[in-house]
Amino acid sequence: MSQRAVFLDRDGVLNIEAGYIYRVEDLHLVPGVAQAVRQLNDQGLFCCLVSNQSGPARGYYPQGHVDALHDRLCYLLEHEANARLDALHYCPDLSPMEGGIVPEFTRWTTWRKPNTGMLVAAAWKYDLDIRRSFMVGDKATDIDLAHNAGCTGILVQTGYGDRVLSGDYQHKTQPDYIARDLADAADWITQQLANQELYSSSKKPSSSS
């Protein structure tokens with residue numbers, strides 16, 4: 001059977017939102033994130049980073065810098081809680097209309113959220129069941145991605161999450177759950193899995209002696 005996954009946005013969800021991060025050492029985890037990822041690992045969920053990272057397309061830094069940031073991210077997760085990301089997908093591309101100027105990365109792509117390309121690619125490569133999975137993000141585009149792909153969308157209030165449903169940023173997006181942070185989201189996901197397991201067990205016919 002295909003695996004359940006938790007797809008995780010990066011900035012504002014895993015690491016503290018700091019705009020475009022030009023120095024690798026300026027990437028810092030949101031408090032409690034490493035333990036939350038470890039909790040998801042322990043639940044047997046496939047944890048996959050899915051992130052728009054347009055810095056290379058905008059000419060801010062090379063693609064290798066994004067990879068270096070992700071190396072630090074994975075190091076911090078492992079160092080703090082022996083937590084891991086099972087896969088990392090990100091989109092360095094941006095259309096000219098959106099601000100792409102570096103030819104190598106200037107294009108329209110199905111990988112840029114809220115398009116579903118990153119989720120579809122991960123599902124194909126790792127045999128993931130998107131419809132039984134979760135997407136955690138701090139922006140409306142993350143929740144739109146979840147609903148476009150058919151999975152459960154969780155909005156965290158870290159990063160830009162507190163603006164999505166506020167008067168400052170009106171959007172039609174309605175998350176399936178609003179979490180304080182990734183730790184809260186991980187608790188909610190764990191509870192959903194427990195409820196589903198209990199429901200499945202109650203539906204099994206009892207054996208006769």
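Helix 4 gives way to aspartate 127, a residue with a positive phi near 55 degrees. Helices (H or I, at least four residues) and strands (E, at least two) are DSSP runs, numbered from the N terminus. The structure is a predicted model, in which local features need pLDDT of at least 70 and side-chain atom pairs count only at pLDDT 80 or more, while totals for chains, interfaces and linings use all residues. Residues are numbered from 1 along each chain as its sequence is written, and side-chain values use heavy atoms, with hydrogens and water left out.

**Helix 4 and the sheet**

Helix 4 (residues 117-126) has as its buried residues Gly117, Met118, Leu119, Ala122 and Ala123; buried means under 20% relative accessible area, exposed over 50%, and partly exposed in between (1.4 Å probe, protein chains only). These buried residues pack against strand 1, strand 2, strand 3 and helix 5 (140-149), where contact means heavy atoms within 4.5 Å. Helix 4 lies across strand 1, strand 2 and strand 3, and runs at about 150 degrees to strand 3. Axes are lines fitted to C-alpha atoms, for helices over the stretch in contact, and angles run from 0 to 180 degrees between N-to-C directions.

The open sheet contains 6 strands in the order 3-2-1-4-5-6, with parallel pairing. Its edge strands, strand 3 and strand 6 (177-179), each pair on one side only. Two strands pair if DSSP finds at least two bridges between them. Two of the pairings are set out below.

Strand 3 (residues 87-91) is mostly covered, with 4 of its 5 residues buried.

**Nonpolar cores**

A nonpolar core is a set of buried Ala, Val, Leu, Ile, Met, Phe, Trp, Tyr and Cys residues joined through side-chain atoms within 4.5 Å. The largest such core has 34 residues, and Leu14, Leu77, Leu85, Val136, Leu182 and Ile189 have the most contacts inside it. At least two residues of this core come from each of strand 1 (5-8), helix 1 (33-42), strand 2 (46-52), helix 3 (63-81), strand 4 (134-137), strand 5 (152-156) and helix 7 (182-203). Helix 7 gives the most to this core, with 6 residues. Another core, of 18 residues, lies apart from it and includes Ala5, Val50, Ala122 and Ile130.

Beyond its neighbours within four places in sequence, isoleucine 189 is in contact with Val6, Leu40, Leu45, Phe134, Val136 and Ile154.

The axes of helix 1 and helix 3 come within 8 Å and cross at roughly 80 degrees. Helix 1 is therefore roughly perpendicular to helix 3, a class that covers 65 to 115 degrees, whereas angles under 35 degrees count as roughly parallel, over 145 as roughly antiparallel and the rest as oblique. Val33, Ala34, Gln35, Val37 and Arg38 of helix 1 meet Leu77, Glu80 and Ala81 of helix 3.

Valine 66 belongs to helix 3 and is buried, with a relative accessible area of 0%. Not counting residues up to four places away in sequence, valine 66 touches Arg10, Gln53, Pro56, Tyr61 and Tyr90.

**Cysteines**

A search of the whole structure finds 0 disulfides, a disulfide being a pair of cysteine sulfur atoms within 2.5 Å. For cysteine 47, the nearest cysteine sulfur is that of cysteine 48, 9.0 Å away. The sulfur of cysteine 151 is 11 Å from the closest cysteine sulfur, in cysteine 48, and is therefore too far for a bond. Cysteine 47 is buried, with a relative accessible area of 0%, and cysteine 151 is buried at 6%.
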